[in-house]
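Subject: Structure handover

Hello,

Here is the structure I said I would pass on. My notes follow below it.

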Amino acid sequence: MIGYYIHHHGMGHLRRAQAIAAFLPAGSVTGLSTLPRPAGWQGGWVQLEPDDTSAAPRSVDANGFLHWVPARDPGMRARMAQLSAWIQDTDPAVIVADVSVEAALLARLHGVPVVTVALPGVRTDRPHTIGFGVSDALIAAWPPEAPKMLHTDEDVPVQAVGAISGIPVREGRAPGPVSRVLVLGGSGGGGMDDAALNDARSQTPGVEWLPLGTTAGNRTADPRPYLAAADLVVTHAGQGALADVAAVGVPAVVVPQDRPYREQATTAEALAGIDVPVIVSSGFARQDWAAVLEAAARLDGRKWTVWNDGEGAERAARVIAQTAGITALPAGRGLRGGLPSAAAARSGAGA
């Protein structure tokens, strides 16, 4: 049995777990998350208690050694008890942490091997050092070609498997005129506002600008048709969004948002350092969108395969299986780096 801890902020962690689980033995993965069980999940599911039930949380970081362990929080206590009880009852071969230093540490304290999903950015703090240190394997959802996506004080053996998307990879868009622009926001906030969007429209007569995920009112359960119809995507630098854009093969203007540990800034710097169809912008509000679209028309969407070749989920599953002692894997149950359409349609967008 494999336990998979899934962080509940945004939908990117869940979609990544769904894609990876499709390459592991059917029914062998139990999801461990505050999120409700998603439609199409084939294994068990433990919906964890929320860990922020105190009105005024105290001592949340254990003197700087952990990220979130509020003292005397009933939800935190119940949550960790749920994880411990599941480990005791199930005796899992491995637990995947995507992402939680606390879940990784709890699993290892129970004698369970841990695979941690590393996120980009500057992770030199003590909690990350502890989490990486107790892990038996580290997976990173970016390609080996990406320069310096993870900054740590110690040399950690990260296995870069490539981007992981819930969308199957298709042949990318060849260079050509830009008449449809998709503006892709994220559930983490910091997206593109209406004023800047209207200004971009006024600068580019005849170009259709469609916002998606920029507000609660324009979110969609399935971004695939919108991505496929776009000539250009303006997106934040979240891992899930970039993996989806790369899967569809649409050139992009990437606007990194302010996130802890310089997560998106580091990703944008890496994108600028390799040959992918990306223009990195410091912000969405700018006065030269006509020139930007002209430059974007020369980008070749087929070069996104460097970032996402459709094999990332299977590579990640192999690392997990090896850590768990599983010697044979299924052939992805008909998938190549994507989710079944029904599952993808329910897993959310803009993560």
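Which residue in E14 is the bridge partner of Val-253? The partner is Ile-279. Please keep in mind that this is a predicted model.

Five strands, in the order E11-E10-E12-E13-E14, make up an open sheet with parallel pairing. At its edges are strand E11 (208-212) and strand E14 (278-280), each of which pairs on one side only. On average, neighbouring strands here are turned by 20° against each other, direction ignored. Strand E13 (residues 252-254) and E14 run parallel and are joined by 3 bridges. Helix H7 (residues 239-248) packs on this sheet and touches strand E10 (180-184), strand E12 (232-235) and E13. The direction of H7 makes about 175° with that of E12.

The sheet with E1

The other sheet in these notes is also open, with 7 strands in the order E3-E2-E1-E4-E5-E7-E9 and parallel pairing. Its edge strands are strand E3 (45-47) and strand E9 (158-160), and each pairs on one side only. Neighbouring strands of this sheet are turned by 20° against each other on average, again ignoring direction. Within it, strand E1 (residues 2-6) pairs with strand E2 (residues 29-33) in the parallel sense, over 4 bridges. Tyr-5 stands opposite Leu-32 in E2. Helix H10 (residues 312-324) lies across E1, E4, strand E5 (114-118), strand E7 (137-140) and E9. Relative to E7, H10 runs at about 170°.

Helix packing

Two packed helices are described by the angle between their axes and the distance between the axes.

H3 passes H4 in a left-handed crossing. On the H3 side, the contact involves Val-101, Ala-104, Leu-105 and Arg-108; on the H4 side, Pro-127, His-128, Ile-130, Gly-131 and Val-134. Sorted by class, this contact has 6 nonpolar, 2 polar and 1 charged residues.

The crossing of H2 and H3 is right-handed. Here Met-80, Leu-83, Ser-84 and Ile-87 in H2 meet Glu-102, Leu-106 and Ala-107 in H3. By class, the contact of H2 with H3 has 5 nonpolar, 1 polar and 1 charged residues.

A residue in a loop

Ala-93 lies in the loop between helix H2 (74-90) and strand E4 (94-98). Is Ala-93 buried, exposed or partly exposed? Its relative accessibility is 27%, so Ala-93 counts as partly exposed; the cut-offs are under 20% for buried and over 50% for exposed. Apart from neighbours within four places in sequence, Ala-93 is in contact with Met-1, Pro-113, Thr-323 and Ala-324. One of these, Pro-113, is 20 residues from Ala-93 in sequence, and the two are 6.9 Å apart in space, C-alpha to C-alpha.

Regards

Notes:
Residues are numbered from 1 along each chain as its sequence is written. This is a predicted model: local features need pLDDT of at least 70, side-chain atom pairs count only at pLDDT 80 or more; totals for chains, interfaces and linings use all residues. Side-chain values use heavy atoms; hydrogens and water are left out. Helices (H or I, at least four residues) and strands (E, at least two) are DSSP runs, numbered from the N terminus. Buried means under 20% relative accessible area, exposed over 50%, partly exposed in between (1.4 Å probe, protein chains only). Contact means heavy atoms within 4.5 Å. A crossing is left-handed if the near helix is turned anticlockwise from the far one by less than a right angle, and right-handed if clockwise. Ala, Val, Leu, Ile, Met, Phe, Trp, Tyr, Cys and Pro count as nonpolar, Asp, Glu, Lys and Arg as charged, and the others, Gly among them, as polar. Two strands pair if DSSP finds at least two bridges between them. Axes are lines fitted to C-alpha atoms, for helices over the stretch in contact, and angles run from 0 to 180 degrees between N-to-C directions.
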